[in-house]
Structure formats: C-alpha cells, structure tokens
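This report describes one protein chain for a reader who has its sequence and structure at hand. Please keep both in view while reading.

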Amino acid sequence: MKELDPLLHSQLRLAVMSILLSAEEADFVYLREKTEATGGNLSVQLDKLNTAGYLTIEKSFIGKKPHTTCRITDKGRKAMADYVETLKSYLTGL
C-alpha cells in the first residue's frame, strides 16, 4: 500500500494546503488566522512546503508593512490529489 506523503501529513501543512486548494492564494495573516498557528510555526511550515515546491511565496511591502502571499503550485495540487487518493485507498482497504 502506498504511503501518505509525510510532508502533507502534518496537521498545519495539510491545513495550509487545503486552504490553498480552494483559495488559489492567501496571505500570511489569513493563513495564520484560519489555522490558528503562531506566526513562527506557520513561517517554518510554509518554508518546508516552499522548499518541496508545493507552494510559492511572494514577499512584498504594502506601504511599510511586509506582505507575504502564498500560492499553490501544480506540484502541490498533484501532491494533495495523491494524498487524498492514498487516504481513500486506506479507507476502502479495511
């Protein structure tokens, strides 16, 4: 049986990817509020997803305030689809 992607199996990373699947893009503040994560933890998890190529991170400024936008990539969308299919196979294999 295929293994679940350990990168997506983390609760916070899975939540972020799930949000981005439907929203296409989201800013850091929105993701922090929706996931109820601390800023530091969210930042670390976003970096892991970015390093894996599952999302892109764009940093800019609005006035003098930093603004971070995250977007899911095609690779991230495929990873999520594979994760869901693997999870379904676990459930139907019972």
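The sections below treat the model, a helix, the strands, the nonpolar core and the salt bridges.

## Basis of the report

The model is a predicted one, in which local features need pLDDT of at least 70, side-chain atom pairs count only at pLDDT 80 or more, and totals for chains, interfaces and linings use all residues. Residues are numbered from 1 along each chain as its sequence is written, and side-chain values use heavy atoms, without hydrogens and water.

Helices (H or I, at least four residues) and strands (E, at least two residues) are DSSP runs, numbered from the N terminus.

## Helix α1

Helix α1 covers residues 11–23, which is 13 residues.

Which residues of α1 are buried? They are Leu-12, Arg-13, Val-16, Met-17, Ile-19 and Leu-20, where buried means under 20% relative accessible area, exposed over 50%, and partly exposed in between (1.4 Å probe, protein chains only). Seen down the axis of α1, these buried residues fall within an arc of 160 degrees, so they line one face of the helix. The arc is taken from the directions from the helix axis to the C-beta atoms. An α-helix has 3.6 residues a turn, so residues three or four places apart point the same way. Gln-11 and Ser-22, on the other side of α1, are exposed.

The buried residues of α1 pack against several elements, among them α2 (28–35), α3 (39–51) and α4 (74–92). After α1 comes Glu-24, with a positive phi near 70 degrees.

## The strands

Strands pair if DSSP finds at least two bridges between them. β1 and β3 run antiparallel and are joined by three bridges; Glu-25 has Arg-71 in β3 as its bridge partner. β2 and β3 are also antiparallel, with eight bridges, and Thr-56 stands opposite Arg-71.

β2 and β3 form a hairpin with two residues between them, and Gly-63 in the turn has a positive phi of about 65 degrees.

## The nonpolar core

A nonpolar core is a set of buried Ala, Val, Leu, Ile, Met, Phe, Trp, Tyr and Cys residues joined through side-chain atoms within 4.5 Å. The largest one here has 22 residues, and those with the most contacts inside it include Val-16, Met-17 and Leu-49. The largest share of this core, five residues, comes from α1.

Leaving aside neighbours within four places in sequence, Leu-49 is in contact (heavy atoms within 4.5 Å) with residues including Leu-8, Val-16, Met-17 and Tyr-54.

## Salt bridges

How many salt bridges does a search of the whole structure find? It finds five, a salt bridge being a side-chain nitrogen of Lys or Arg within 4 Å of a carboxyl oxygen of Asp or Glu. In one of them, Arg-77 pairs with Glu-24, the closest N and O atoms being 3.3 Å apart. This pair links distant parts of the chain, with Arg-77 in helix α4 and Glu-24 in the loop between α1 and β1, 53 residues apart.

Glu-25 and Arg-71, bridge partners in the strands, also form a salt bridge, with closest N and O atoms 2.7 Å apart. Both are partly exposed, Glu-25 at 38% relative accessibility and Arg-71 at 27%. In helix α4, Lys-78 and Asp-82 are four residues apart, separated by about one helical turn, and their side chains meet in a salt bridge of 2.9 Å, N to O. Salt bridges that share partners join Glu-25, Glu-58 and Arg-71 into one network.

Key
The expected span of a helix is 1.5 Å times one less than its number of residues.
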